[in-house]
Amino acid sequence: MTDFSMTTDADGVATIIWDVAAKSMNVMSTEAFALLSALVDQALGDAAVKGIILTSGKRDFAGGMDLNVIARMRAGGAQAIFDGVMGMHQVLRKIERAGMDPKTLKGGKPIIAALPGTALGIGLELPLACHRIIAADNPKAKIGLPEIMVGIFPGAGGTTRLVRKMGAMMAAPYLLEGKLSDPKGAKAGGLIDEVVAPEALLARAKEWVLTATDADLVKPWDAKGYKMPGGTPYHPAGFMTFVGASAMVMGKTMGVYPAAKALLAAVYEGALVPFDTALKIEARHFTSVLMNPSSTAMIRSLFINKEALEKGANRPKVPDQTVKKLGVIGAGMMGAGIAYVSALAGIEVVLIDATQEAADKGRAHSEGLLDKGVQRKKVTAEKKAEVLGRITATTDYAALAGCDLIVEAVFEDPKVKAEVTAKVEAVCDGVFATNTSTLPISGLAKASVRPERFIGIHFFSPVDKMNLVEIIRGRETGDVAVAKALDFVRQIRKTPIVVNDARFFYANRCIIPYINEGIRMVAEGVEPALVENAAKLVGMPLGPLQLVDETSIDLGVKIAKATRAAMGDAYPDGAVDEVLFWMADQGRLGKKAGAGFYAYDAAGKREGLWDGLAARFPEAAGQPELGEVQHRLLMAQVLEAVRALEGGVLTDIREGDVGAILGWGFAPWSGGPFGWLDIIGAGRALEICDRLTARHGARFAAPAMLREMAAKGTSFYGAKADAKAA
Ligand code: NAD
């Protein structure tokens with residue numbers, strides 16, 4: 001174990017260097033933590049050592065905890081987690097006290113953390129236990145505590161220390177939202193103490209160690225008369241913060257994220273007791289969160305598997321397909337967005353539309369977004385010019401010569417798409433991708449003379465914000481085209497899933513039944529507010545009625561008509577269409593029309609549910625239980641995901657879960673549809689399906705795969721999935 005090593009110079013300054021072999025980023029393991037503890041003991045016990053610099057041998061300081069450690073801790077049960085966390089607290093507390101006399105607070109050795117770059121999670125909690133934190137002025141570095149984003153919270157003293165350092169109000173964005181800052185921002189926000197030129201980092205650290213006084217080493221909370229900045233819960237100012245924080249967090253999370261609740265409890269309860277007791281409270285809440293299946297599921301989908309997919313877990317083994325020159329046909333909403341994210345990633349883009357005016361408008365979309373960046377000081381004028389310089393807007397297909405990938409985003413019309421395919425293939429033999437959202441890829445590929453190089457690359461709107469990209473393999477699509485699409489998605493730093501060709505692919509296939517189930521309930525007389533709130537209270541970002549308002553009701557009508565035409569008598573959604581078509585007839589086409597299931601003010605702001613709906617679809621006298629509505633809304637999506645897996649559209653449950661969360665915001669706390677089924681268990685899922693089928697019809701019939709799993713007592717990820725995946 002060589003994760004940490006120590007040298008002491010002639011002036012008596014010991015430098016502990018964190019450098020995990022064979023990893024580009026330092027991550028903390030249990031063994032490494034023990035080694036660090038031993039080195040700190042050695043330095044504190046050595047009379048020749050005056051103080052310690054803790055730094056990294058890499059470009060960055062640390063990325064956080066090794067997630068294998070968390071998985072292993074979990075396997076040992078609650079007591080093992082608690083004991084492990086308390087062990088870490090002891091070491092960090094030893095660093096913080098640094099050998100000082102507990103009464104006089106004198107005689108300690110200064111310990112400074114010198115951060116060359118990124119410092120996340122435990123990579124910041126450890127520095128927070130040191131006496132000073134300095135960072136190199138490295139604008140690429142990210143500093144913060146992102147744990148909450150994957151369903152846990154800072155559990156190595158970070159929560160308790162940050163709140164005591166800056167007060168609950170100021171700590172809230174870092175703890176509750178996982179806000180990350182560059183070093184200058186971290187200094188301004190009070191996370192770190194000093195920013196210096198990169199080349200001066202170690203010299204300045206040493207200078208500080210050699211000049212630090214006893215008083216410099218005493219943390220405010222260890223000094224006499226400490227008062228928490230902003231006040232504790234029973235202080236008049238603190239009272240306001242804590243009451244407000246609780247309401248704000250519940251409003252944002254709807255109470256479905258165990259980590260947010262536990263974090264708040266740790267902060268509140270910790271603020272009422274002495275520091276060491278607060279650490280113990282933090283450890284207890286942290287233990288409860290780690291034992292909650294939601295944190296396992298969130299870490300699995302939002303961290304481990306998301307990263308695995310981004311690194312090409314399902315990429316065919318063909319040589320590098322990095323895109324050098326991209327053609328985008330159709331400079332509308334989607335094409336313009338695709339051109340922007342590609343140019344931003346350094347790719348040369350030819351953006352084509354039917355008229356020069358339309359092509360220029362598409363390019364202007366990038367200019368608008370870059371201007372916003374300039375205003376917010378996120379983009380320099382040079383960068384703007386550079387990115388815009390990569391986009392050529394034209395009507396001339398000859399400009400596509402040399403493009404190794406073409407993305408088509410013209411009107412959703414097979415005839416128009418076929419014409420464009422032929423025109424493109426006449427001038428260029430790059431991989432041809434269509435951004436269609438509803439037309440089967442294998443059908444569109446018939447217009448291609450190279451169907452093995454024809455593929456679907458389905459972006460979500462707005463392209464610059466939505467991080468999922470669904471890659472669709474047509475019947476004849478070859479491996480090179482899949483690899484090209486995956487390498488392209490990696491270049492633009494989004495997350496890919498690869499699915500097989502079927503009606504609506506994966507994401508839309510699951511989201512449409514969700515919207516439909518909501519609308520169907522309206523037809524049955526379920527109160528629209530109950531439908532919308534039930535969805536939000538189970539962690540969906542938007543209720544189904546708001547969602548269809550946002551995507552537009554006329555699009556819903558168009559899709560319904562096309563689906564009915566394709567399915568004939570088997571079409572199951574007549575009851576839904578009754579509401580949808582009526583809304584369209586009333587001119588209530590959704591948000592863009594300023595009227596839909598919701599009412600909107602003149603500025604387009606959503607006001608509340610439209611009260612005119614009840615005149616046509618009156619609310620029934622008896623209303624269903626909240627749980628029943630939630631099960632209908634969840635199962636409508638989840639069963640479709642299982643059917644997609646059964647039918648071979650999905651080939652990897654990891655893609656099903658990551659795709660669901662990133663694509664349409666499926667209850668992130670659950671880790672995705674398969675994650676949710678594993679949390680409740682196949683047996684319970686079957687019970688719910690059987691009950692819903694009896695009451696509401698065959699669309700809730702459990703797929704054979706689920707029945708089999710219930711009979712065998714198995715799960716999607718398996719008992720050891722967490723450890724294996726990590
Ligand atoms: P849009 O109407 O905003 O843009 C289409 C553009 O294509 C227009 O600028 C039009 O002038 C251009 N165009 C039409 N025929 C052309 C031709 N023959 N040659 C060159 N350009 C031509 O549409 P959009 O919303 O950007 O959608 C484009 C595609 O992306 C569609 O297939 C759609 O299904 C798909 N899609 C849309 C969304 C969405 O949310 N809007 C999401 C995913 C996928």
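**Figure 1. N292 caps the N-terminal end of helix 12 in this predicted model.** A side-chain oxygen of N292 lies 2.9 Å from the backbone nitrogen of S294. Helix 12 covers residues 293–310, 18 residues in total. From first C-alpha to last, helix 12 reaches 24 Å. That is close to the 26 Å expected at 1.5 Å a residue. Helix 12 has a kink of about 35 degrees, centred on R300. R300 is also one of the buried residues of helix 12. Others in the buried set include S294, S295, T296, A297, M298 and I299. S301, L302, I304, N305 and L309 are buried as well. After helix 12 comes G312, with a positive phi near 90 degrees.

Figure 2. The structure holds 12 aromatic pairs. W221 sits in the loop between helix 8 (201–211) and helix 9 (236–253). F275 belongs to helix 11 (residues 275–291). The pair therefore ties together parts that are 54 residues apart in sequence.

**Figure 3. F432 and F454 form a stacked pair.** Their ring centres lie 5.2 Å apart, with the planes at 15 degrees. F432 is in strand 16 (residues 431–434). F454 is in strand 17 (residues 454–459). The pair links distant parts of the chain, 22 residues apart. Both F432 and F454 are buried.

**Figure 4. Further ring arrangements: a cluster and two charges over rings.** F4, W18 and F61 form a cluster, linked by ring pairs. Elsewhere, arginines lie over the faces of phenylalanine rings. R503 lies over the face of F504, at 5.5 Å from the ring centre. R616 lies over the face of F617, at 4.4 Å from the ring centre.

**Figure 5. H458 is a buried residue of strand 17.** The relative accessible area of H458 is 4%. Because buried means under 20%, H458 falls in that class. What does H458 touch, beyond residues up to four places away in sequence? The contacts of H458 are N435, T436, S437, L468, V469, E470, I472, F505 and N508.

**Figure 6. The peptide bond from S461 to P462 is cis.** Its omega is near -5 degrees. P462 is found in the loop between strand 17 and strand 18 (468–473).

**Figure 7. A22 and S552 have positive phi without being glycines.** Phi of A22 is near 65 degrees. A22 is found in the loop between strand 2 (13–18) and strand 3 (27–28). A22 is exposed, with a relative accessible area of 89%. For S552, phi is about 95 degrees. S552 is found in the loop between helix 21 (544–551) and helix 22 (553–567). S552 is buried, at a relative accessible area of 8%.

**Figure 8. Q546 is a buried residue of helix 21.** The relative accessibility of Q546 is 5%. Which residues does Q546 touch, leaving out those up to four places away in sequence? Q546 touches E532, K536, Y598 and R606. G87 lies 48 Å from Q546, C-alpha to C-alpha. In sequence, Q546 and G87 are 459 residues apart.

**Figure 9. A566 lies in helix 22.** A566 is partly exposed, at 49% relative accessibility. A566 and A358 are 33 Å apart in space, C-alpha to C-alpha. In sequence, A566 and A358 are 208 residues apart.

Methods. Residues are numbered from 1 along each chain as its sequence is written. This is a predicted model: local features need pLDDT of at least 70, side-chain atom pairs count only at pLDDT 80 or more; totals for chains, interfaces and linings use all residues. Side-chain values use heavy atoms; hydrogens and water are left out. Rings of Phe, Tyr and Trp (its six-membered ring) pair if their centres lie within 6.5 Å; planes under 30 degrees apart count as stacked, over 60 as edge-to-face and the rest as tilted. Helices (H or I, at least four residues) and strands (E, at least two) are DSSP runs, numbered from the N terminus. Buried means under 20% relative accessible area, exposed over 50%, partly exposed in between (1.4 Å probe, protein chains only). A charge sits over a ring if NZ of Lys or CZ of Arg is within 6 Å of the ring centre and within 35 degrees of the ring normal. The expected span of a helix is 1.5 Å times one less than its number of residues. The bend at a residue is the angle between axes fitted to the seven residues ending there and the seven starting there. A polar contact is a pair of N or O atoms within 3.5 Å; within protein, one must be able to donate a hydrogen and the other to accept it, and residues adjacent in sequence count only if both atoms are side-chain atoms. Contact means heavy atoms within 4.5 Å.
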